[in-house]
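Hi,

Here is the structure I promised to pass on to you. Please open it alongside this email, and then read on for what turned up in it.

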Amino acid sequence: MLPSWPLLHAGVFALVVLQAFAADTFIAAVYEHAVILPDPTEKPVSHNVALALMNKNMDILEGAIKEAAQQGAHIIVTPEDGIYGWKFTRESIYPYLEDIPDPVVDWIPCTDPSRFGPAPVQERLSCMARNNSIYVVANIGDKKLCNSSDPTCPSDGRYQYNTDVVFDPEGKLVARYHKYNLFIIEKQFDYPKEPEAITFETPFGKFGIFTCFDILFYEPAVVLVSKMQVDTVLFPTAWMNVLPFLTAVEFHSAWAMGMRVNVLAANTHKPSLAMTGSGIYAPDGARAYSYNMKTEDGQLLVAELDAHPCLSPASPPAVSWSSYALNVERFSQNDHDFTGTIFHNQFTFTELTKPEGNLTVCQKDLCCHLTYKMEAKRDDEVYVLGALDGLHVVEGQYYLQICTLLKCKSTDLDTCGQPVETAETKFEMFSLSGTFGTNYVFPEVLYSGVQLAPGEFEVLKDGRLISKRKPTKPVVTVTLFGRWYEKD
């Protein structure tokens with residue numbers, strides 16, 4: 001018996017409503033991969049040896065991709081260096097590179113693998129996406145020939161790029177990004193002549209992509225969010241954690257909150273090099289994350305995200321980062337401010353000598369204000385309020401303004417700023433603000449054991465980072481990490 005037209009119409013309408021609702025969210029996955037590394041050599045190995053090593057890594061990635069798809073994931077991000085590692089010279093990495101075309105060519109390597117010459121890695125990644133009906137994001141190496149008419153052409157006649165690729169659920173190449181901000185040890189790669197702002201559309205939002213060190217710079221990271229207005233950032237990385245502010249999970253989560261965008265961060269896993277920390281982050285906090293320095297195992301994370309986070313009721317409001325701090329009278333200042341170094345930067349500190357109070361510490365144009373209350377003041381732990389206003393010039397040049405409530409490594413004030421992962425002091429409340437000259441500020445709260453605090457803090461419209469309730473774990477740091485791009 002055929003259904004009546006009213007029932008049929010109602011059924012179709014219900015299906016349309018369900019499809020529309022489904023498009024408002026999506027399932028994301030990231031995989032933190034314990035990369036199988038090649039033997040160190042300055043001489044190139046054969047292409048077959050290089051491909052054998054890459055296939056070993058892709059075997060593991062393929063298993064993670066299948067598992068993610070079985071859990072309903074629409075997209076999975078895998079790490080920077082996840083297919084061949086990082087122990088290379090310019091010459092020794094060459095056998096691992098492929099010629100990656102511009103995605104405008106409308107190419108599915110899985111079904112047409114030889115269209116642009118040998119491309120076994122792209123073919124296999126494309127088939128992983130196609131066979132599992134999932135977007136696959138991976139990091140590989142691109143090679144492009146050049147000649148003497150190009151004044152910037154390297155002496156070996158080719159450009160070599162650290163490259164992210166994205167394949168859609170049909171296996172089609174839909175995005176290619178060449179890393180612009182290379183880390184100091186990436187001597188094997190070139191950077192493109194101009195930064196690339198790479199985006200692509202999906203049924204669940206507009207996506208952008210960049211790699212690792214790029215996140216600390218205006219181009220392409222901020223451009224993608226502020227000008228291209230992407231909903232979600234794909235972020236393959238090989239991040240070496242630097243406490244207290246630049247551990248992967250806290251900084252990438254903070255960046256998602258500060259930029260009000262989703263971030264899918266997939267890190268390589270190598271505890272001996274302090275490489276760990278992956279996550280699925282939304283503007284209102286981490287949806288899933290992992291930080292594991294104890295084992296050598298990889299980790300798959302899967303979580304649901306809003307497709308358009310800026311439209312979500314859970315999205316935090318726009319913030320005027322200096323509004324409160326510029327209009328409040330300075331809190332009391334201790335007579336014994338002192339200096340200390342964090343990651344080669346000289347901070348001005350003042351000690352929290354009482355179990356509760358209001359403090360201000362200043363450096364140059366930045367004044368940081370703190371209101372706090374400890375559950376109890378311990379004799380074996382020291383906390384400080386710190387301010388930094390200056391240009392960082394070690395592995396790159398970038399201007400920072402940082403306000404931080406920070407646990408010192410020991411009761412010796414000379415240890416303030418040294419790496420510390422654990423704490424015992426619990427706080428009843430905290431409120432941190434600063435007179436920032438930049439609108440790009442990233443809020444971080446890190447608990448003992450390098451644990452995040454999703455849902456336990458918020459940033460008010462006037463720029464105060466406050467505890468929403470009594471913190472459930474001891475605090476390592478509460479930080480407002482500002483990047484003043486215009487002063488770089």
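A disulfide here is a pair of cysteine sulfur atoms within 2.5 Å. By this rule the count comes to 5 disulfides. Before going through some of them, a word on the background: this is a predicted model, in which local features need pLDDT of at least 70 and side-chain atom pairs count only at pLDDT 80 or more, while totals for chains, interfaces and linings use all residues. Residues are numbered from 1 along each chain as its sequence is written, and side-chain values use heavy atoms, with hydrogens and water left out.

**The disulfides**

Let me begin with C362 and C367, which are joined with a sulfur-to-sulfur distance of 2.0 Å. Their link is right-handed, with 110 degrees about the S-S bond.

Next come C110 and C127, whose sulfur atoms are 2.1 Å apart in a disulfide. This pair links distant parts of the chain, 17 residues apart: C110 sits in the loop between strand 2 (75–77) and helix 3 (120–132), and C127 is in helix 3. Helices (H or I, at least four residues) and strands (E, at least two) are DSSP runs, numbered from the N terminus. The link of C110 and C127 is right-handed, with 100 degrees about the S-S bond. With a relative accessible area of 19%, C110 is buried; C127 is buried as well, at 16%.

C146 and C153 also form a disulfide, with their sulfur atoms 2.1 Å apart. Here the S-S bond shows 75 degrees and the link is right-handed. Both of these cysteines are buried.

How are the bonded cysteines of the chain paired, if you number them in sequence order? The pairing is 1-2, 3-4, 5-6, 7-8, 9-10.

C212 is buried, with a relative accessible area of 9%, whereas C310 is partly exposed, at 49%.

Finally, an unreviewed UniProt entry carries the annotation "domain: CN hydrolase" for residues 31–307. UniProt positions are given in the numbering used here, feature names are shortened, and annotations may be inferred rather than shown by experiment. Over residues 31–307 the chain is 21% helix and 26% strand, and the end C-alpha atoms are 20 Å apart.

Happy exploring!

Note on methods:
Buried < 20%, exposed > 50% of the residue type's maximum accessible area, 1.4 Å probe, protein only.
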